[in-house]
Amino acid sequence: MQASRDDLAALLQLQQIDLEVMRQTKQLEELPQRATILSVRQKRETVEAKRSQVAALRKEAVRKLTRITDEDASLAKKEAGVQAAIEAAHGDFRNAEARTKELAGIAKRRASLADDHDAAAAELAKVEGLEGQIERMVADLAEQEQAAVESFQREGGALKNGISQLQAQRSATAGGLDPEVLALYEKAAARSGGVAVGRLDGNRCGACRASIDGGRLIDLKAQAPLGTCPSCKRLLIIA
Ligand SMILES: [Zn+2]
């Protein structure tokens, strides 16, 4: 078919632009930061689930410690009361004996509570240690996520800019091209999903490399300077 030198040059330029847009778009889609951000967010979810588990453990440990402290405080009060009663009883030995037994019982329970208190305090300290670790992990992951997001915005932004510049160039190039040739190019590009124009290379299509037999080659050459590959239907520039 008829095409001017400018049309052929514009066709090749269009193809170059389109391939570059495809390359940069793929690069944008495959930026490694996407996977990094996703994986960091997943880790954060896991750590946050652990954080709420540990918060529940802490609540339980505090409750236990409070229960022990409260019981001990009430026993201390009772102990003081019994002691005062013993002192007030003076010579009443039978009464004093029962009170002394009661005192011993209280002391025994308080000793056992002191052990429980130590164990509960140790448990609380352990849980607080875990909490500290989790807080550091959360902070660390937040920092990693932010860095990946910033890097993604920077690199992705540069690619998006590049792509929109190429698209502006493409419009200008397409605008200068014969509309019929442009329509053929768009069709071939949509079909091939990539390279849409080749050059005839001897008796082969420069794009799909198929050899074109005698009769078809003669027909094709009659279409010079622009024909269609009988094999892959791409546009062929016939020099
Ligand atoms: Zn071909």
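These legends accompany several views of one predicted model.

**View 1. The whole protein chain.**
The protein chain holds 5 helices and 4 strands. Their order along the sequence is α-α-α-α-β-β-α-β-β. The C-alpha atoms fill a box of roughly 135 × 35 × 20 Å along the principal axes. The radius of gyration is 42 Å, whereas a compact globule of 239 residues would have one near 18 Å. Of the 239 residues, 15% count as buried. Take the contacts between residues at least 6 apart in sequence: 72% of them join residues at least 24 apart.

**View 2**

**View 3. Where domain 1 touches domain 2.**
Here 11 residues of domain 1 are in contact with 9 residues of domain 2. On the domain 1 side, α1 (5–29) and α4 (179–192) are the elements that give two or more residues. Helix α1 gives the most, with 8 residues. By class, this side of domain 1 has 7 nonpolar, 1 polar and 3 charged residues.

**View 4. Helix α3, end to end.**
Helix α3 runs over residues 93–175 and has 83 residues. From its first C-alpha to its last, α3 reaches 118 Å. That is close to the 123 Å expected at 1.5 Å a residue.

**View 5. The buried residues of α3.**
Which residues of α3 are buried? They are Arg99, Ala120, Leu141, Ala148 and Thr173. What do the buried residues of α3 pack against? Their partners are α1 and α2 (32–89).

**View 6. The largest nonpolar core.**
This core has 22 residues. Leu11, Val181, Tyr185 and Leu235 touch the most other members. Helices α1 and α4 each supply at least two residues of the core, and so do strands β1 (197–201) and β4 (235–237).

**View 7. Close-up on Leu11.**
Which residues does Leu11 touch, not counting those up to four places away in sequence? Leu177, Val181, Tyr185, Val197 and Leu235 are its contacts. Leu11 also belongs to the group of core residues that touch the most other members, together with Val181, Tyr185 and Leu235.

Note on methods:
Residues are numbered from 1 along each chain as its sequence is written. This is a predicted model: local features need pLDDT of at least 70, side-chain atom pairs count only at pLDDT 80 or more; totals for chains, interfaces and linings use all residues. Two residues are in contact if their C-beta atoms, placed from the backbone, lie within 7 Å. Ala, Val, Leu, Ile, Met, Phe, Trp, Tyr, Cys and Pro count as nonpolar, Asp, Glu, Lys and Arg as charged, and the others, Gly among them, as polar. A nonpolar core is a set of buried Ala, Val, Leu, Ile, Met, Phe, Trp, Tyr and Cys residues joined through C-beta atoms within 7 Å. A residue is buried if 20 or more other C-beta atoms lie within 10 Å of its own, exposed if 12 or fewer, and partly exposed in between; C-beta atoms are placed from the backbone. The expected span of a helix is 1.5 Å times one less than its number of residues. The radius of gyration is taken over C-alpha atoms; the globule rule is 2.2 Å times the number of residues to the power 0.38.
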